[in-house]
Amino acid sequence: MVARAPSTIRAAVLREPGDVRVEEVLLDPPGAGEVLVRVAAAGVCHSDVHLADGSLGEGRWPMVLGHEGAGVVEEVGDGVTHVVPGDDVVLCWVPSCRECAACRAGRPTLCTVAATHSLAGTMPDGTTRLHLPDGTPLQHGLMTACFAERVVVPAAGAIPLPGGLPLWQAALLGCGVMTGFGAVGNVARVAAGESVVVIGLGGVGLQVLAAAKLAGAAPLVAVDRDPAKLALALERGADAAVDTSADGHPVRTLRTLTGGGADHAFEVVGLPETMLLAWKSLRPGAMAVVIGIAAKGAELRLPALELSTDKGIRGSFYGSGDPARDLPGLARLAADGALDLAGVVTQLDALDGVVDALDRLRRGEGVRTVLVLDPERAGTEPAAV
Ligand SMILES: [Zn+2]
Ligand SMILES: [Zn+2]
(Lines give C-alpha, C1' and ligand atoms only; values in the text may rest on other atoms or scores of the structure.)
(Ligands and ions follow the chains in the order given, each with its own letter.)
Protein backbone atom coordinates (compact mmCIF):
# COMPACT_ATOMS: atom_id res chain seq x y z
CA MET A 1 0.00 0.00 0.00
CA VAL A 2 1.31 3.43 -0.92
CA ALA A 3 1.15 5.97 1.90
CA ARG A 4 -1.12 8.84 0.94
CA ALA A 5 0.24 12.35 0.86
CA PRO A 6 -0.82 14.84 3.53
CA SER A 7 -3.15 17.69 2.59
CA THR A 8 -2.44 21.36 3.14
CA ILE A 9 -4.82 23.20 5.45
CA ARG A 10 -4.91 26.58 7.19
CA ALA A 11 -4.77 26.41 10.97
CA ALA A 12 -4.09 28.56 14.04
CA VAL A 13 -0.69 27.47 15.31
CA LEU A 14 0.71 28.24 18.75
CA ARG A 15 4.41 28.52 17.84
CA GLU A 16 5.35 29.38 21.44
CA PRO A 17 3.54 31.12 24.30
CA GLY A 18 2.27 34.48 23.10
CA ASP A 19 2.80 33.66 19.39
CA VAL A 20 -0.36 32.40 17.68
CA ARG A 21 -0.49 32.68 13.89
CA VAL A 22 -2.79 31.40 11.17
CA GLU A 23 -0.68 29.55 8.60
CA GLU A 24 -0.58 26.57 6.25
CA VAL A 25 0.17 23.21 7.85
CA LEU A 26 0.13 19.60 6.67
CA LEU A 27 -2.53 17.13 7.79
CA ASP A 28 -2.05 13.38 7.31
CA PRO A 29 -5.01 11.24 6.20
CA PRO A 30 -6.94 9.41 8.95
CA GLY A 31 -5.53 6.08 10.12
CA ALA A 32 -7.44 3.11 11.49
CA GLY A 33 -9.92 4.19 14.17
CA GLU A 34 -9.71 7.85 13.13
CA VAL A 35 -12.06 10.31 11.47
CA LEU A 36 -11.35 13.23 9.12
CA VAL A 37 -13.74 16.12 9.77
CA ARG A 38 -14.14 19.31 7.76
CA VAL A 39 -14.56 21.94 10.47
CA ALA A 40 -17.59 24.20 10.00
CA ALA A 41 -17.27 26.32 13.16
CA ALA A 42 -15.20 26.48 16.33
CA GLY A 43 -15.72 28.35 19.60
CA VAL A 44 -12.85 30.18 21.31
CA CYS A 45 -12.69 29.08 24.95
CA HIS A 46 -10.71 30.27 27.94
CA SER A 47 -8.62 27.08 27.92
CA ASP A 48 -7.29 28.20 24.53
CA VAL A 49 -5.99 31.35 26.24
CA HIS A 50 -4.35 29.23 28.97
CA LEU A 51 -2.62 27.14 26.31
CA ALA A 52 -1.72 30.17 24.17
CA ASP A 53 -0.14 31.89 27.18
CA GLY A 54 1.73 28.78 28.33
CA SER A 55 0.03 28.81 31.75
CA LEU A 56 -0.81 25.08 31.68
CA GLY A 57 2.85 24.10 31.81
CA GLU A 58 5.94 23.65 29.65
CA GLY A 59 6.21 21.76 26.40
CA ARG A 60 2.71 22.28 25.04
CA TRP A 61 3.82 23.84 21.76
CA PRO A 62 4.06 24.03 18.81
CA MET A 63 0.38 23.12 18.70
CA VAL A 64 -2.72 23.65 16.59
CA LEU A 65 -5.22 25.18 19.02
CA GLY A 66 -9.00 24.75 19.30
CA HIS A 67 -11.10 22.14 21.10
CA GLU A 68 -14.74 23.29 20.80
CA GLY A 69 -16.07 22.63 17.31
CA ALA A 70 -18.46 20.99 14.91
CA GLY A 71 -18.19 19.92 11.32
CA VAL A 72 -18.91 17.32 8.68
CA VAL A 73 -17.27 13.90 8.38
CA GLU A 74 -15.26 13.63 5.15
CA GLU A 75 -13.56 10.28 5.60
CA VAL A 76 -13.35 7.47 8.14
CA GLY A 77 -10.44 5.13 8.81
CA ASP A 78 -10.64 1.34 9.09
CA GLY A 79 -12.88 0.09 11.85
CA VAL A 80 -14.93 3.28 12.26
CA THR A 81 -18.63 2.43 12.05
CA HIS A 82 -20.52 5.02 14.14
CA VAL A 83 -20.25 7.79 11.53
CA VAL A 84 -20.06 7.94 7.73
CA PRO A 85 -18.94 10.71 5.35
CA GLY A 86 -21.54 13.48 5.25
CA ASP A 87 -22.57 13.15 8.92
CA ASP A 88 -22.67 16.29 11.06
CA VAL A 89 -20.58 15.79 14.20
CA VAL A 90 -19.65 17.69 17.33
CA LEU A 91 -16.05 17.28 18.46
CA CYS A 92 -15.44 15.81 21.92
CA TRP A 93 -12.07 16.65 23.47
CA VAL A 94 -11.88 13.65 25.81
CA PRO A 95 -12.05 10.72 23.38
CA SER A 96 -12.14 8.07 26.09
CA CYS A 97 -10.63 4.64 25.52
CA ARG A 98 -13.43 2.66 27.26
CA GLU A 99 -10.81 0.23 28.60
CA CYS A 100 -8.74 1.94 31.31
CA ALA A 101 -9.68 1.73 35.02
CA ALA A 102 -11.40 5.14 34.98
CA CYS A 103 -13.45 4.27 31.90
CA ARG A 104 -14.42 0.89 33.33
CA ALA A 105 -15.44 2.63 36.56
CA GLY A 106 -17.90 4.77 34.59
CA ARG A 107 -15.76 7.94 34.62
CA PRO A 108 -14.86 8.34 30.92
CA THR A 109 -14.00 12.05 31.24
CA LEU A 110 -11.16 10.93 33.55
CA CYS A 111 -9.84 8.43 30.96
CA THR A 112 -6.14 8.08 31.75
CA VAL A 113 -5.25 7.16 28.17
CA ALA A 114 -6.95 10.29 26.78
CA ALA A 115 -5.35 12.40 29.53
CA THR A 116 -1.86 11.17 28.67
CA HIS A 117 -2.24 11.88 24.97
CA SER A 118 -4.05 15.15 25.53
CA LEU A 119 -1.10 16.36 27.59
CA ALA A 120 1.35 15.15 24.94
CA GLY A 121 -0.76 16.61 22.10
CA THR A 122 -0.86 13.32 20.23
CA MET A 123 -3.34 10.81 18.84
CA PRO A 124 -3.96 7.62 20.88
CA ASP A 125 -1.03 5.88 19.14
CA GLY A 126 1.35 8.55 20.42
CA THR A 127 1.97 10.18 17.02
CA THR A 128 0.67 13.35 15.39
CA ARG A 129 -1.14 13.90 12.08
CA LEU A 130 -0.10 17.56 11.95
CA HIS A 131 3.18 19.02 10.71
CA LEU A 132 4.65 22.33 9.63
CA PRO A 133 5.68 22.40 5.96
CA ASP A 134 9.31 21.80 7.07
CA GLY A 135 8.25 18.55 8.75
CA THR A 136 8.22 19.77 12.36
CA PRO A 137 5.51 17.80 14.21
CA LEU A 138 2.64 19.87 15.62
CA GLN A 139 0.65 18.88 18.70
CA HIS A 140 -3.13 18.39 18.45
CA GLY A 141 -4.67 20.87 20.94
CA LEU A 142 -6.63 18.75 23.47
CA MET A 143 -6.69 15.92 20.88
CA THR A 144 -8.97 18.14 18.75
CA ALA A 145 -7.03 21.01 17.06
CA CYS A 146 -10.13 22.49 15.45
CA PHE A 147 -8.92 26.04 14.76
CA ALA A 148 -8.21 24.49 11.39
CA GLU A 149 -10.03 23.80 8.13
CA ARG A 150 -9.88 20.05 8.79
CA VAL A 151 -9.07 17.81 11.73
CA VAL A 152 -8.20 14.17 12.19
CA VAL A 153 -9.59 12.95 15.51
CA PRO A 154 -9.95 9.57 17.25
CA ALA A 155 -13.33 7.99 16.46
CA ALA A 156 -14.56 8.73 19.99
CA GLY A 157 -13.82 12.42 19.37
CA ALA A 158 -16.55 12.72 16.70
CA ILE A 159 -20.08 12.45 18.10
CA PRO A 160 -22.95 12.37 15.58
CA LEU A 161 -25.49 15.20 15.82
CA PRO A 162 -29.24 15.03 15.30
CA GLY A 163 -30.53 17.25 12.49
CA GLY A 164 -31.95 20.70 12.91
CA LEU A 165 -29.13 22.43 14.77
CA PRO A 166 -26.94 24.89 12.83
CA LEU A 167 -23.29 23.89 13.21
CA TRP A 168 -22.17 27.37 14.33
CA GLN A 169 -24.33 26.73 17.41
CA ALA A 170 -23.57 23.01 17.71
CA ALA A 171 -19.87 23.87 18.06
CA LEU A 172 -20.57 25.23 21.56
CA LEU A 173 -21.84 21.87 22.76
CA GLY A 174 -18.36 20.35 22.59
CA CYS A 175 -16.87 22.30 25.49
CA GLY A 176 -18.91 25.09 27.11
CA VAL A 177 -22.30 23.36 27.10
CA MET A 178 -20.99 19.90 28.03
CA THR A 179 -18.95 21.39 30.89
CA GLY A 180 -21.70 23.62 32.28
CA PHE A 181 -24.63 21.23 31.93
CA GLY A 182 -22.58 18.32 33.22
CA ALA A 183 -21.56 20.18 36.39
CA VAL A 184 -25.21 20.98 37.12
CA GLY A 185 -26.76 17.66 36.10
CA ASN A 186 -24.05 15.09 36.76
CA VAL A 187 -22.26 16.61 39.78
CA ALA A 188 -24.51 18.97 41.76
CA ARG A 189 -27.78 17.37 40.60
CA VAL A 190 -29.61 20.65 41.14
CA ALA A 191 -33.32 20.15 41.95
CA ALA A 192 -36.28 22.46 41.43
CA GLY A 193 -36.53 25.17 44.08
CA GLU A 194 -32.90 24.96 45.20
CA SER A 195 -30.83 28.14 45.40
CA VAL A 196 -27.85 28.39 43.05
CA VAL A 197 -24.94 30.84 42.91
CA VAL A 198 -22.92 31.01 39.68
CA ILE A 199 -19.60 32.89 39.91
CA GLY A 200 -18.19 33.88 36.51
CA LEU A 201 -20.63 34.38 33.63
CA GLY A 202 -18.40 33.72 30.64
CA GLY A 203 -19.06 31.08 27.99
CA VAL A 204 -19.20 28.19 30.47
CA GLY A 205 -20.82 30.13 33.34
CA LEU A 206 -23.76 31.06 31.10
CA GLN A 207 -24.27 27.35 30.40
CA VAL A 208 -24.25 26.58 34.13
CA LEU A 209 -26.91 29.28 34.45
CA ALA A 210 -28.96 27.80 31.59
CA ALA A 211 -28.77 24.28 33.05
CA ALA A 212 -29.72 25.46 36.55
CA LYS A 213 -32.63 27.44 35.10
CA LEU A 214 -33.89 24.37 33.21
CA ALA A 215 -33.58 22.37 36.44
CA GLY A 216 -35.89 24.88 38.16
CA ALA A 217 -33.32 26.47 40.48
CA ALA A 218 -34.57 29.45 42.50
CA PRO A 219 -33.25 31.88 43.32
CA LEU A 220 -30.55 31.81 40.67
CA VAL A 221 -27.85 34.35 41.51
CA ALA A 222 -25.18 35.49 39.02
CA VAL A 223 -21.86 36.86 40.32
CA ASP A 224 -19.28 38.64 38.17
CA ARG A 225 -17.16 41.78 38.20
CA ASP A 226 -18.33 42.78 34.71
CA PRO A 227 -21.70 44.59 34.56
CA ALA A 228 -22.17 43.61 30.89
CA LYS A 229 -21.91 39.90 31.72
CA LEU A 230 -24.33 40.35 34.62
CA ALA A 231 -26.81 42.12 32.34
CA LEU A 232 -26.67 39.18 29.92
CA ALA A 233 -27.14 36.76 32.85
CA LEU A 234 -30.25 38.66 33.99
CA GLU A 235 -31.61 38.59 30.42
CA ARG A 236 -31.03 34.84 30.37
CA GLY A 237 -32.93 34.04 33.52
CA ALA A 238 -30.85 34.96 36.58
CA ASP A 239 -33.05 36.24 39.44
CA ALA A 240 -30.37 38.50 40.91
CA ALA A 241 -26.91 39.78 40.02
CA VAL A 242 -24.02 40.63 42.32
CA ASP A 243 -21.29 42.88 40.92
CA THR A 244 -18.13 42.15 42.91
CA SER A 245 -16.44 45.23 41.45
CA ALA A 246 -18.99 47.38 43.30
CA ASP A 247 -20.19 45.24 46.23
CA GLY A 248 -17.70 45.32 49.12
CA HIS A 249 -19.46 42.48 50.99
CA PRO A 250 -20.44 39.88 48.39
CA VAL A 251 -20.60 37.02 50.94
CA ARG A 252 -23.14 38.91 53.02
CA THR A 253 -25.13 39.82 49.91
CA LEU A 254 -25.17 36.21 48.67
CA ARG A 255 -26.23 34.87 52.05
CA THR A 256 -29.07 37.39 52.16
CA LEU A 257 -30.21 36.64 48.61
CA THR A 258 -30.22 32.89 49.27
CA GLY A 259 -31.92 33.06 52.66
CA GLY A 260 -28.85 32.14 54.73
CA GLY A 261 -26.63 30.35 52.23
CA ALA A 262 -26.89 28.71 48.82
CA ASP A 263 -27.79 25.07 48.17
CA HIS A 264 -25.23 25.01 45.34
CA ALA A 265 -22.39 27.29 44.24
CA PHE A 266 -20.48 26.99 40.97
CA GLU A 267 -17.10 28.62 40.44
CA VAL A 268 -16.37 29.22 36.75
CA VAL A 269 -13.40 31.57 36.95
CA GLY A 270 -10.38 29.58 38.09
CA LEU A 271 -9.08 31.84 40.87
CA PRO A 272 -8.58 30.83 44.53
CA GLU A 273 -10.45 33.94 45.73
CA THR A 274 -13.58 33.15 43.71
CA MET A 275 -13.39 29.50 44.83
CA LEU A 276 -13.33 30.78 48.43
CA LEU A 277 -16.32 33.03 47.65
CA ALA A 278 -18.22 29.98 46.35
CA TRP A 279 -17.40 28.13 49.58
CA LYS A 280 -18.45 31.05 51.80
CA SER A 281 -21.76 31.50 49.96
CA LEU A 282 -22.93 27.98 50.92
CA ARG A 283 -25.35 26.92 53.62
CA PRO A 284 -24.21 24.12 55.96
CA GLY A 285 -24.33 20.76 54.19
CA ALA A 286 -24.06 22.25 50.71
CA MET A 287 -21.38 21.71 48.08
CA ALA A 288 -19.37 24.06 45.88
CA VAL A 289 -18.45 22.82 42.41
CA VAL A 290 -15.27 24.25 40.90
CA ILE A 291 -15.22 24.28 37.09
CA GLY A 292 -12.73 27.13 36.54
CA ILE A 293 -9.18 26.06 35.66
CA ALA A 294 -6.58 27.54 37.99
CA ALA A 295 -3.08 28.47 36.92
CA LYS A 296 -0.47 25.80 37.59
CA GLY A 297 0.79 26.21 41.16
CA ALA A 298 -2.18 28.21 42.50
CA GLU A 299 -3.32 27.06 45.96
CA LEU A 300 -6.71 27.28 47.66
CA ARG A 301 -6.95 27.89 51.44
CA LEU A 302 -10.20 27.13 53.24
CA PRO A 303 -11.33 27.81 56.84
CA ALA A 304 -10.87 24.22 58.03
CA LEU A 305 -13.33 24.50 60.92
CA GLU A 306 -16.18 24.95 58.42
CA LEU A 307 -15.73 21.35 57.29
CA SER A 308 -17.54 20.56 60.53
CA THR A 309 -20.72 21.91 58.94
CA ASP A 310 -20.83 19.14 56.34
CA LYS A 311 -19.91 21.60 53.60
CA GLY A 312 -18.08 20.21 50.60
CA ILE A 313 -16.12 21.41 47.61
CA ARG A 314 -15.20 19.39 44.55
CA GLY A 315 -13.97 19.85 41.02
CA SER A 316 -15.74 19.02 37.80
CA PHE A 317 -13.85 18.26 34.60
CA TYR A 318 -15.66 18.40 31.26
CA GLY A 319 -19.04 17.79 32.87
CA SER A 320 -17.97 14.69 34.82
CA GLY A 321 -20.30 12.44 32.82
CA ASP A 322 -20.12 10.56 29.54
CA PRO A 323 -19.96 12.96 26.58
CA ALA A 324 -20.91 10.16 24.16
CA ARG A 325 -24.18 9.83 26.09
CA ASP A 326 -24.69 13.47 27.12
CA LEU A 327 -23.81 15.38 23.92
CA PRO A 328 -26.57 13.97 21.67
CA GLY A 329 -29.14 14.76 24.39
CA LEU A 330 -27.86 18.32 24.75
CA ALA A 331 -27.95 18.71 20.96
CA ARG A 332 -31.59 17.62 20.92
CA LEU A 333 -32.39 20.10 23.70
CA ALA A 334 -30.88 22.88 21.55
CA ALA A 335 -32.52 21.66 18.33
CA ASP A 336 -35.92 21.62 20.12
CA GLY A 337 -35.44 25.23 21.26
CA ALA A 338 -35.24 24.46 25.00
CA LEU A 339 -31.61 25.57 25.06
CA ASP A 340 -30.72 28.84 23.31
CA LEU A 341 -27.14 28.77 22.05
CA ALA A 342 -27.23 31.67 19.58
CA GLY A 343 -27.75 34.20 22.39
CA VAL A 344 -24.41 33.49 24.07
CA VAL A 345 -22.37 34.07 20.91
CA THR A 346 -21.12 37.66 21.07
CA GLN A 347 -18.96 37.56 17.93
CA LEU A 348 -18.67 35.56 14.70
CA ASP A 349 -15.40 35.79 12.82
CA ALA A 350 -13.29 34.00 10.24
CA LEU A 351 -10.32 31.81 11.25
CA ASP A 352 -8.00 34.83 10.98
CA GLY A 353 -9.97 36.46 13.80
CA VAL A 354 -8.61 33.97 16.34
CA VAL A 355 -5.79 36.22 17.62
CA ASP A 356 -8.23 39.06 18.35
CA ALA A 357 -10.69 36.60 19.92
CA LEU A 358 -8.00 35.38 22.33
CA ASP A 359 -7.20 39.00 23.21
CA ARG A 360 -10.86 39.75 23.94
CA LEU A 361 -10.95 36.78 26.33
CA ARG A 362 -7.77 38.03 28.05
CA ARG A 363 -9.44 41.41 28.54
CA GLY A 364 -12.65 39.73 29.73
CA GLU A 365 -14.60 41.27 26.84
CA GLY A 366 -17.66 39.57 25.38
CA VAL A 367 -18.63 35.97 26.01
CA ARG A 368 -18.09 33.62 23.07
CA THR A 369 -16.47 34.16 19.70
CA VAL A 370 -17.30 31.47 17.16
CA LEU A 371 -14.91 31.15 14.23
CA VAL A 372 -16.75 30.26 11.03
CA LEU A 373 -14.50 28.14 8.82
CA ASP A 374 -17.13 26.91 6.37
CA PRO A 375 -20.05 29.38 6.18
CA GLU A 376 -22.22 27.05 4.09
CA ARG A 377 -21.99 24.12 6.47
CA ALA A 378 -21.91 26.35 9.59
CA GLY A 379 -25.18 27.99 8.56
CA THR A 380 -23.95 31.57 8.96
CA GLU A 381 -21.52 34.10 7.56
CA PRO A 382 -18.63 35.18 9.81
CA ALA A 383 -19.94 38.72 10.34
CA ALA A 384 -23.59 37.94 11.05
CA VAL A 385 -23.68 38.84 14.77
ZN1 LIG B 1 -13.05 24.79 26.44
ZN1 LIG C 1 -10.03 5.22 29.31
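**Notes on the loops and the zinc site**

1. Let me begin with Tyr318, which is buried, with a relative accessible area of 2%. Please keep in mind that this is a predicted model. Tyr318 sits in the loop between E16 and H10. Its phi is near 55 degrees, a positive value in a residue that is not glycine. As background, most residues other than glycine have a negative phi.

2. Ser320 belongs to the loop that runs between strand E16 (312–315) and helix H10 (323–335). Is Ser320 buried or exposed? Ser320 has a relative accessible area of 15%, and because the cut-off for buried is under 20%, Ser320 counts as buried. Leaving aside residues up to four places away in sequence, Ser320 touches Thr109, Asn186, Val187 and Arg314.

3. Arg189 also has a positive phi, near 50 degrees, and is a residue other than glycine. Where does Arg189 lie? You will find Arg189 in the loop between helix H5 (176–188) and strand E11 (196–199). Arg189 has a relative accessible area of 62%, and since exposed means over 50%, Arg189 is exposed. Tyr318, by contrast, is buried.

4. Now for the zinc ion (ligand 1). Which protein atoms are its donors? They are SG of Cys45, NE2 of His67 and SG of Cys175, at 2.0 to 2.2 Å from the zinc ion. Along the chain, the donors follow the spacing C-x21-H-x107-C. His67 lies in the loop between E4 and strand E5 (68–76), while Cys175 lies in the loop between helix H4 (167–170) and H5, so this pair ties together parts that are 108 residues apart in sequence. Both His67 and Cys175 are buried.

5. Please also look at the peptide bond between Trp61 and Pro62, which is cis, with omega at about -5 degrees. Pro62 is in the loop between helix H1 (46–52) and strand E4 (63–64). For context, most peptide bonds are trans.

6. A cis peptide bond also runs from Ala218 to Pro219, where omega is near -10 degrees.

Key
Residues are numbered from 1 along each chain as its sequence is written. Chains are lettered from A and ligands numbered from 1 in the order in which they are written. This is a predicted model: local features need pLDDT of at least 70, side-chain atom pairs count only at pLDDT 80 or more; totals for chains, interfaces and linings use all residues. Side-chain values use heavy atoms; hydrogens and water are left out. Helices (H or I, at least four residues) and strands (E, at least two) are DSSP runs, numbered from the N terminus. Buried means under 20% relative accessible area, exposed over 50%, partly exposed in between (1.4 Å probe, protein chains only). Contact means heavy atoms within 4.5 Å. Donors are N, O and S atoms within 2.8 Å of the metal (3.2 Å for Na, K and Ca); water is not among the atoms, so sites may look incomplete.
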